[in-house]
Amino acid sequence: MKLTLKKLSVHVQSLNQKRLKAIGVLLSALIFVSFLYTRYHQGGPKEFLIENDDQIILTWQNFPKKFPIHAPLFLEFSLKNVKNESIKKAQISVEFTMNHAGMVPLMTSASFDGIKEIYQIKQSLNMHGTWIVILTISLENKPISTKTVSFTTD
Amino acid sequence: MKRILQVVLFFLTLFLIAEGLWGSNFAPKNLTTLFVWVHYRGLLVLTLILAGNYFCMSCPFIFARNGFRLFITPKKVFPKILSNKWTALALFISFLFCYEYFELWAYPRLTALLIIAYFLVALFIDLLFKNASFCKYLCPIGQFNFIASTLSPREVSFIDEKICQNCTTHECIKGGDHKRGCETNLFIPKKIGNLDCTFCLDCKDACPHQNVKISNVTYGQELSMTTHRSGLGKLSNRTDWLSFIGVFTIGGLLNAFMMIDRERMLRDFLKSVLFIQNDFFITVFIFLLALAPLFFLIKNSHQETRELIPSLIPLGFSIWFSHYSFHLLTGLFTFIPLIIKDSNWPIHLLGIPLRVVTPIQFGFLFLGLVASVITSTKITSRRSLLIKWNLFLAFLFLLAVWITSRPMEMRGTFLGAGP
């Protein structure tokens with residue numbers, strides 16, 4: 001009987017220790033989540049593909065209706081400011097990507113045709129599906145702006 | 001080690017929930033979609049084949065459950081009518097269906113909500129019912145791991161059979177000295193293989209003779225054993241398990257097929273033939289087309305064919321491995337630019353090139369076929385049946401090769417911007 005009581009007391013002690021550990025883990029988890037919440041909510045929402053600049057107007061000059069893969073794709077567009085003046089010689093990096101985890105994007109840049117005053121992108125697509133093109137436009141003394149467009153291959 | 005792995009995965013899961021809910025909503029730029037649908041799945045199949053069912057061992061849901069069980073003791077026994085694999089199978093098919101229909105790979109928030117739902121259901125079930133009811137009867141990932149771990153090189157087993165024979169207290173299954181016994185009802189002296197074993201090592205902790213260990217076994221040796229298994233019975237008598245093995249194999253093909261260009265063609269064809277434009281019904285139809293004949297065939301097959309069904313597992317696993325390793329390897333380092341901003345990590349080093357990945361995929365498919373054929377020849381010596389069965393295996397293999405060789409379609413879903 002004594003032995004049983006002793007065992008029971010050891011069990012209660014160990015249970016209490018385990019409960020304390022469990023409470024410790026739960027509190028750590030809560031602190032961790034609160035920390036993450038604060039971190040994520042610093043600097044405003046992180047929604048993707050919000051075009052942050054309406055000062056730059058992008059107009060597609062050549063946007064094909066069909067998009068074959070493993071063949072050269074040509075896209076042309078012009079950039080203008082709100083005064084309808086052409087924006088020349090902007091640095092434009094172009095990312096072809098898809099909304100799929102683990103997607104390795106295709107990176108290129110747009111070249112400027114000074115005569116037509118348009119920007120050109122040449123890229124060969126390596127996969128079927130819906131592509132998202134993200135243009136990152138850098139101008140001197142101006143914040144970087146992004147433009148996006150999507151299309152589906154044949 | 002178990003506790004460390006559980007703690008690490010628990011906090012990693014919390015981080016993934018936070019990242020999914022509050023991080024970028026664009027899948028390639030979100031660590032939740034990336035880690036869950038690319039890295040986790042790839043590492044899971046890799047660990048299963050190279051080591052064992054260590055992901056079940058380190059399950060964060062069970063870690064949380066064990067914590068809550070210190071305060072809430074479940075009283076009820078899981079309903080007998082549900083004490084089989086049918087509910088888990090339904091959940092597994094639903095999981096595959098939801099993955100396709102809701103395009104989970106493209107939605108970080110949905111992925112985070114799925115993890116939360118998993119936590120809640122696991123906690124609810126295991127705080128209501130005794131033992132590992134969630135693991136044994138419900139968890140779709142768990143069942144996937146159980147089936148795949150039949151190919152693992154490790155299993156939990158006794159050290160000395162004589163000690164087990166002389167044991168009268170059976171702590172490994174009953175528990176003792178306030179330690180849990182096997183909650184999935186596997187009795188160590190009669191346990192065969194890894195089916196239903198979560199690698200939790202509760203049996204090892206409970207055994208007063210320290211007679212339980214993780215031992216090395218030959219890959220897939222248990223698949224040719226047609227004898228009675230502890231906690232399961234004879235596998236060929238378990239239509240639920242056999243159906244699960246069938247769905248595991250065909251589901252692997254279906255999951256891969258849904259990523260290639262022909263899926264879209266089939267979808268368009270079905271829309272024109274059935275005069276249904278609704279994607280939900282078309283997806284249901286594709287699933288029915290692929291899986292319904294399976295249940296019919298398994299239900300109506302005779303005993304000898306049923307004994308052969310486990311030999312599907314190596315081929316089925318190779319299909320999953322081929323698919324998941326593709327995503328893992330081609331996007332292996334895509335997390336680096338997300339963790340280290342402005343890392344300038346070269347684009348071509350984000351993943352392993354296709355010229356390396358493709359031979360791995362085909363090589364593994366071929367290994368799967370060979371292992372399945374060897375297993376089937378170990379199970380039966382009836383020549384005519386064996387020829388038919390191996391032709392069926394060859395057909396599945398060719399189907400897998402065809403799917404793997406088709407152009408990939410990432411099925412991007414962004415619809416927000418147009419010219």
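Two strands pair if DSSP finds at least two bridges between them. Strands (E, at least two residues) and helices (H or I, at least four) are DSSP runs, numbered from the N terminus. The model is predicted: local features need pLDDT of at least 70, side-chain atom pairs count only at pLDDT 80 or more, and totals for chains, interfaces and linings use all residues. Residues are numbered from 1 along each chain as its sequence is written, while chains are lettered from A and ligands numbered from 1 in the order in which they are written.

**View 1. Strands 7 and 8 of chain A form a hairpin.** Thr136(A) stands opposite Thr146(A) in strand 8 of chain A. Another bridge partner in strand 8 is Ser150(A), which faces Ile132(A). Strand 7 (residues 130–138) pairs with strand 8 of chain A over 8 bridges, in the antiparallel sense. Between the two strands lie 6 residues. In this turn, Asn141(A) has a positive phi of about 60°.

**View 2. An open sheet of chain A has the strand order 4-3-7-8.** Its 4 strands pair antiparallel. Strand 4 (106–109) and strand 8 (145–152) of chain A each have a single partner strand, so one side of each is left without a neighbour in the sheet. The twist averages 20° from one strand to the next. For such angles, axes are lines fitted to C-alpha atoms, for helices over the stretch in contact, and angles run from 0 to 180 degrees between N-to-C directions. Strands of a sheet pair through backbone hydrogen bonds, either parallel or antiparallel.

**View 3. Another open sheet of chain A runs in the order 1-2-6-5.** It has 4 strands, with antiparallel pairing. Strand 1 (56–62) and strand 5 (111–113) of chain A are the edge strands, and each pairs on one side only. Neighbouring strands are turned by 35° against each other on average, direction ignored. Strand 1 of chain A runs antiparallel to strand 2 (residues 72–81), and 6 bridges join them. Ile56(A) has Asn81(A) of strand 2 as its bridge partner.

**View 4. In chain B, domain 1 meets domain 2.** The assignment gives domain 1 (1–152), domain 2 (154–217) and domain 3 (235–407); such bounds come from an automatic or database domain assignment. The centres of domains 1 and 2 of chain B, taken over C-alpha atoms, are 24 Å apart. In contact are 16 residues of domain 1 and 13 residues of domain 2; contact requires C-beta atoms, placed from the backbone, within 7 Å. On the domain 1 side, helix 3 (54–57), helix 7 (133–138) and helix 8 (140–148) of chain B each supply at least two residues. Helix 3 of chain B gives the most, with 3 residues.

**View 5. Chain B holds 19 helices and 4 strands.** Its radius of gyration is 22 Å, close to the 22 Å that the globule rule gives for 419 residues, so chain B is as compact as a globular protein of that length. The radius is taken over C-alpha atoms, and the rule is 2.2 Å times the number of residues to the power 0.38. The C-alpha atoms of chain B fill a box of roughly 75 × 55 × 40 Å, taken along the principal axes.

Key. Two residues are in contact if their C-beta atoms, placed from the backbone, lie within 7 Å.
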